[in-house]
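Please look over the sequence and the three-dimensional structure shown here before reading on.

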Amino acid sequence: MAEHAARRCCLGWDFSTQQVKVVAVDAELNVFYEDSVLFDRDLLEFGTQGGVHVHEDGLTVTSPVLMWVQALDIILEKMKASGFDFSQVLALSGAGQQHGSVYWKAGASQVLTSLSPDLLLHEQLQACFSIRDCPVWMDSSTTAQCRQLEATVGGAQALSCLTGSRAYERFTGNQIAKLYQQNPEAYSHTERISLVSSFAASLFLGSHSPIDYSDGSGMNLLRIQDKVWSQACLGACAPHLEEKLGLPVPSCSVVGAISSYFVQRYGFPPGCKVVAFTGDNPASLAGMRLEEGDIAVSLGTSDTLFLWLQEPTPTLEGHIFCNPVDPQHYMGLLCFKNGSLMREKIRDELASSSWSEFSKALQSTEMGNSGNLGFYFDVMEITPEIIGRHRFSAENHEVSAFPWDVEIRALIEGQFMAKKIHAEGLGYRVMPKTKILATGGASHNRDILQVLADVFGTPVYVIDTANSACVGSAYRAFHALPPFCLVSIY
């Protein structure tokens, strides 16, 4: 019996830009199974590059919705062939690439409720979408719709206060507005609009799954304070939009039991619960087990900050989302383009392309850099919108260069000071129990992490987040189970 109980698990799914991935996590929070399907490698017939289609204008970026469905079929069949025991799955949840949208054609709900276990999903859902290639987060073709939305509600700051972000081209409300304006017939034939996350949940439910608060707050449509759709924003985007979106739900909601299709074809238990799917960034916050006051810093090609916030202050930079773990709190997200590529450039220019020499510069200069300060943006930055290298001496005079070791410390301190300033702008405050969880390439450099700890005045820990969205989804599935099934997660 003990061995049998040890196999009880939750599944975490991730429908990301380039792949669909799954992990199985047991009651001790150990990952004991994982698999993935890479779109470019395993589904060549869809002709994607990096999981997407970039259109001729260079701005429109889409993905085939049936590719995602077929990827799910492939993984489930692989799991079945490997002998995976689906009967032990207590619950499942998942993540989807944020901001992408899926358009279910009128009549799709009837198909979802009457799926035949003798056929694969993609064979039965061929005619269920009014748009076969769906806009994803990489799309930047909706500038006109963004300006229209901001004008409707009184400007960019007013929209940010309302929805957590100013208007962004990739955000779903603006994508819906473009579809309605350019293809009104397809819009009129759409019975339901899903995010990638709620679309994936719908496949498991066998009915349209609601959008959760956390992923819903990446649409420029959800009022983040009272967590209902903004009527002004809906009206600015398209008619009858509220009925096509359905009512949003808390991110920890059990949205239903798994579809009989999965019970009959794969052997899931009828009582297996489907917990609301959310966005990949909120799911990663759950996967890293952030708590109030914590920060996660991903030091990669771009640098990204995840913040747990209690009282957010929306601004024109960064994003406020509803918290996927605690519905009373929020999460902040900040992204900086000039991350590791900028660090590598300075390393190559000043430290003989050697991280060892780079570290020596940090070790030989003092904290605070004797008042010398630098900000380095070789590509147009997101937060804030600025480009160029800017150096200031202790006397607050702009200078053209620093000594090589001062330059290196100025780069690293400047990067982390900017992160702290913008985090505080969103409402973040360092607390006595605050910790920073660092991941990404630069997190392997202890001297860089020491500067991070010095700037924020809090301890830094290194974590592996390779599967954070997947694992976070499995944690969220456990978290939504009745108390007698709960394990200590957060």
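In which helix is the place of Ala71? Ala71 belongs to helix α3, which covers residues 65–81; helices (H or I, at least four residues) and strands (E, at least two) are DSSP runs, numbered from the N terminus. This is a predicted model, in which local features need pLDDT of at least 70 and side-chain atom pairs count only at pLDDT 80 or more, while totals for chains, interfaces and linings use all residues. Residues are numbered from 1 along each chain as its sequence is written, and side-chain values use heavy atoms, with hydrogens and water left out.

Ala71 is buried, because its relative accessible area is 0%; buried means under 20% relative accessible area, exposed over 50%, and partly exposed in between (1.4 Å probe, protein chains only). Leaving aside neighbours within four places in sequence, Ala71 is in contact with Val20, Val37, Phe39 and Leu43, where contact means heavy atoms within 4.5 Å. Leu43 is 28 residues from Ala71 along the chain, yet the C-alpha atoms of the two are separated by 7.7 Å.

**Nonpolar cores**

A nonpolar core is a set of buried Ala, Val, Leu, Ile, Met, Phe, Trp, Tyr and Cys residues joined through side-chain atoms within 4.5 Å. The largest one has 64 residues, and those with the most contacts inside it are Leu221, Leu241, Leu245, Leu307 and Phe358. Helix α18 (residues 404–425) gives the most to this core, namely 7 residues. Apart from this core lies another, of 55 residues, among them Trp13, Val136, Cys272 and Phe277. Not counting residues up to four places away in sequence, Leu245 touches several residues, including Ile176, Trp229 and Leu234.

**A sheet and its helices**

An open sheet of 6 strands runs in the order β17-β18-β16-β15-β22-β23, with mixed pairing; two strands pair if DSSP finds at least two bridges between them. Because β17 (319–322) and β23 (460–462) stand at the edges with a single partner strand each, one side of each is left without a neighbour in the sheet. Strand β22 (residues 436–439) pairs with β23 in the parallel sense over 3 bridges, and Ile436 stands opposite Val460 in β23.

| Helix | Strands touched | Angle between directions |
|---|---|---|
| α18 | β15 (295–299), β16 (303–309), β18 (330–336) | about 145° with β18 |
| α19 (residues 446–456) | β15, β22, β23 | about 145° with β23 |

The buried residues of α19, including Ile448, Leu452 and Phe456, pack against β15, α16 (340–350), α17 (355–364), α18, β22 and β23. Just after α19, Gly457 takes a positive phi of about 65°.

**Cysteines**

How many disulfides does the structure hold? The structure holds 0 disulfides, a disulfide being a pair of cysteine sulfur atoms within 2.5 Å. The sulfur of Cys10 is 6.8 Å from the closest cysteine sulfur, in Cys9, and therefore too far for a bond. Cys322 is in no disulfide either, as the nearest cysteine sulfur, that of Cys252, is 12 Å away. Cys10 counts as buried because its relative accessibility is 0%, and Cys322 counts as buried because its relative accessibility is 2%.

Note on methods. Axes fitted to C-alpha atoms, helices over the stretch in contact; angles between N-to-C directions.
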